[in-house]
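Please keep the model open beside the text.

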Amino acid sequence: MGYIRAEEILPNEIIELIQQYIDGTSIYIPRKPQHRQEWGTRTAYKRELQSRNQLIYQDYLSGKTVHKLAEDYYLSEKSIQRIIRSEKCTL
């Protein structure tokens with residue numbers, strides 16, 4: 001995320017009002033709720049994780065142990081268990 005200088009977009013009155021609360025510090029202004037996007041909608045990473053989780057579940061169904069899956073996918077056994085539970089619920 002890039003930064004925009006307040007002077008470029010805000011009137012001086014608003015800048016002075018903000019300076020009463022916070023002076024010279026970066027702040028984050030959240031999006032309006034109607035403009036928010038769900039996590040992962042701007043990249044393919046969410047789809048990659050879903051695909052990986054489906055593979056983990058298929059490997060589990062074909063007999064691989066949680067311990068072996070954790071080694072193969074470089075995840076903790078707890079993470080593998082969570083993924084398996086989650087995938088069971090989606091079927």
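## Helices α3 and α5

Helix α3 (residues 45–61) packs against helix α5 (residues 77–90) at an angle of about 90°, and their axes lie 9 Å apart. Axes here are lines fitted to C-alpha atoms, for helices over the stretch in contact, with angles running from 0 to 180 degrees between N-to-C directions.

On the α3 side, R52, N53, Q54, I56, Y57 and Y60 meet I80, I83, I84, E87 and K88 of α5, where contact means heavy atoms within 4.5 Å. By class, this contact has six nonpolar, two polar and three charged residues (Ala, Val, Leu, Ile, Met, Phe, Trp, Tyr, Cys and Pro count as nonpolar, Asp, Glu, Lys and Arg as charged, and the others, Gly among them, as polar).

## About the model

This is a predicted model, in which local features need pLDDT of at least 70 and side-chain atom pairs count only at pLDDT 80 or more, while totals for chains, interfaces and linings use all residues. Residues are numbered from 1 along each chain as its sequence is written, and side-chain values use heavy atoms, leaving out hydrogens and water.

## Helices α4 and α5

Helix α4 (residues 66–73) also meets α5: their axes come within 8 Å and cross at roughly 105°. That makes α4 roughly perpendicular to α5. V66, H67, L69 and A70 of α4 make the contact with E77, I80, Q81 and I84 of α5. By class, five nonpolar, two polar and one charged residues take part.

## Overall shape

The protein has five helices and zero strands (DSSP runs, H or I of at least four residues for helices and E of at least two for strands, numbered from the N terminus). Its radius of gyration is 23 Å, well over the 12 Å that the globule rule gives for 91 residues, so the protein is more spread out than a compact globule. That radius is taken over C-alpha atoms, and the rule is 2.2 Å times the number of residues to the power 0.38. Along its principal axes, the C-alpha trace spans about 65 × 25 × 20 Å.

## The largest pocket

Which residues lie nearest the centre of the largest pocket? They are Y3, I4, A6, I27 and I29, out of 19 lining residues. A pocket is an open set of points on a 1 Å grid over the protein atoms alone, where a 1.4 Å probe fits, with protein on both sides within 12 Å along at least five of seven lines; lining residues have an atom within 4 Å of a point. By class, the lining has 12 nonpolar, five polar and two charged residues.

Methods: Parallel < 35°, antiparallel > 145°, perpendicular 65-115°, else oblique.
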